[in-house]
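Work through the exercises below with the model open. Each task is followed by its solution.

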Amino acid sequence: MSDKMKRDGAMRLFEALSSADEELLERSEGKKKVFSFWKYSKVMAACVCLVVLGTATYATTRVVNESGSSADCAAPMENMQMPKEADAAAEDDVVADGVAADEDWAAVEEAEAENRMEESSEFIKEIVSAENAEEELYDYSMQGTDGVIMDWGPIENAPERLDEKALRAEEIFGDYLPTELPTGYIFTDGNRFSDEGATTGISVTWSKGLDYITVDVREYTAEDSYRVADISKPETYNVHLYEIPYASSVPDEMWMIFNNPIFRESDFDLEIIEARMKRVEDAGDTDTPRGHFTVLYDSGVLVSFSGKGSVEEIWNLFQSIKAE
Amino acid sequence: MKDTEILDLYWARNEQAITETQYSYGKYCYSIAFHILHDREDSDECVNDTWLRAWYAIPPKRPNKLSLFLGTITRNLSFDKWKHKNALKRGNGEMELALDELMECVPAAHSTEDAVEAAELERLINNFLHTLPERECNVFLRRYWYVEEYHEIAERFQMNLNTVKTSLFRTRTKLKAFLEQEGIAL
């Protein structure tokens, strides 16, 4: 089917949607996020309570001290029934002791008030951070083989390790894993990426000694559009035109595509693989050609290859994908 | 002013109906138009045409939900204008992306089949939408009826961006399968 026919079909679908049931359209309005005063007022309420409590406690304590200290001084004096001709010095001592006691108590109370304020500050901080944590996305980033930093969102969306069988059973994406691999490769690692329970992509690595092949499968999005290569412009994707390090040799304006180009399924062939694979002299490693690229299937699925292999091996690998 | 009161003005052929409609639904209709056209002047034009169309449609119509009635008119007018502007060249913007995505849903053509009639396609699309879980249907409509951007949809339903994308991907796949199962040729 030609692109024009598909486009006409898409426009017909778009027009047909105009008659979508009103109840469905109304339901799609959803609920817009409203600033919840009550959510944030928990913090404010906590602050107010602590301040009031702290103030009340401090004030009460001071009142008790002020009335209690004079009473304490007075009571002993009354109870002592000292003779009128009591030793003024002794009396002074008692008063001095009372004053000293007052001062000591004030210092203690001040220290305790400071502690309470510190504790309440810590407490408030805990409340705030706990509330913030509910809304804050944990920036759990991982760079996929296609070079794109992938933000997985909250920690519960962290990749899930699965075996090859489970990954092949994944709806839609599993069908895009190759069924034939070069001789000697064995499964070594596999992950399923998800968001709120829904699979957003899968990744599988097979290895043979120092050689490896990693295949990532996910959905094409509009954000990938800038990486779709024009095969009539080999300077944007052919690694043989540049020297390593590529970051120095590849012109800036081509870097975004060159770093990991996406080839349309209709453009993808042995020549494209040849253009993306290169032997690298690397001490301690094999000289198997290595490279990476991505293929965009008509279904909207992206299959990214990263690893080593001959052009024929990689071509056969892609040909073994059963989904198409 | 309530919808029933506005409709009464239409039925009474009181031109105040247009003023009240504009006041109540001007922004709503403009938003629909702008999502499709991404052009202020064109969007204003479509919105103004919407009031005119509504004036001639009511009566005899008395829509149950005035906002959706008006929104549909705006959507259709905007899409017609978009088609006219982009007849010769591929345009940019969200409308273009939405259509690119819907292209994935077009079933493979069979030369012996005639293209389905518009009314039948509308009926089938509605049947399909009713088979979808609520959230999936909502996301699909926000994207392909309202042409909202991914982040707008994510914000509206408090979803993660990737979840929106995955949901739409799955629904498009389902739609294609549904149309193929129904033997539909577009």
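**Exercise 1: surroundings of one leucine**

Find the residues in contact with B:L141, leaving aside neighbours within four places in sequence.

Solution. Contact means heavy atoms within 4.5 Å. By that rule B:L141 touches A:L17, A:A20, A:L24, A:L25 and A:S28, and in chain B the residues B:L129 and B:Y146.

The model is predicted: local features need pLDDT of at least 70, side-chain atom pairs count only at pLDDT 80 or more, and totals for chains, interfaces and linings use all residues. Residues are numbered from 1 along each chain as its sequence is written, chains are lettered from A and ligands numbered from 1 in the order written, and side-chain values use heavy atoms, without hydrogens and water.

**Exercise 2: the core**

Which residues have the most contacts inside the largest nonpolar core?

Solution. Join buried (under 20% relative accessible area, 1.4 Å probe, protein chains only) Ala, Val, Leu, Ile, Met, Phe, Trp, Tyr and Cys residues through side-chain atoms within 4.5 Å. The largest such set has 69 residues, and B:L129 and B:L141 have the most contacts inside it. Apart from it lies another core of 33 residues, including A:V215 and A:Y237.

**Exercise 3: the interface**

Describe how chain A meets chain B.

Solution. First, count residues: 49 of chain A are in contact with 65 of chain B. Next, take the buried area (accessible area, 1.4 Å probe, lost on putting the two together, summed over both): about 5000 Å², 58% of it on carbon and sulfur atoms. Then apply the salt-bridge rule (side-chain nitrogen of Lys or Arg within 4 Å of a carboxyl oxygen of Asp or Glu), which finds seven across the interface. B:R142 and A:E29 form a salt bridge at 3.6 Å, N to O.

Key. Buried means under 20% relative accessible area, exposed over 50%, partly exposed in between (1.4 Å probe, protein chains only).
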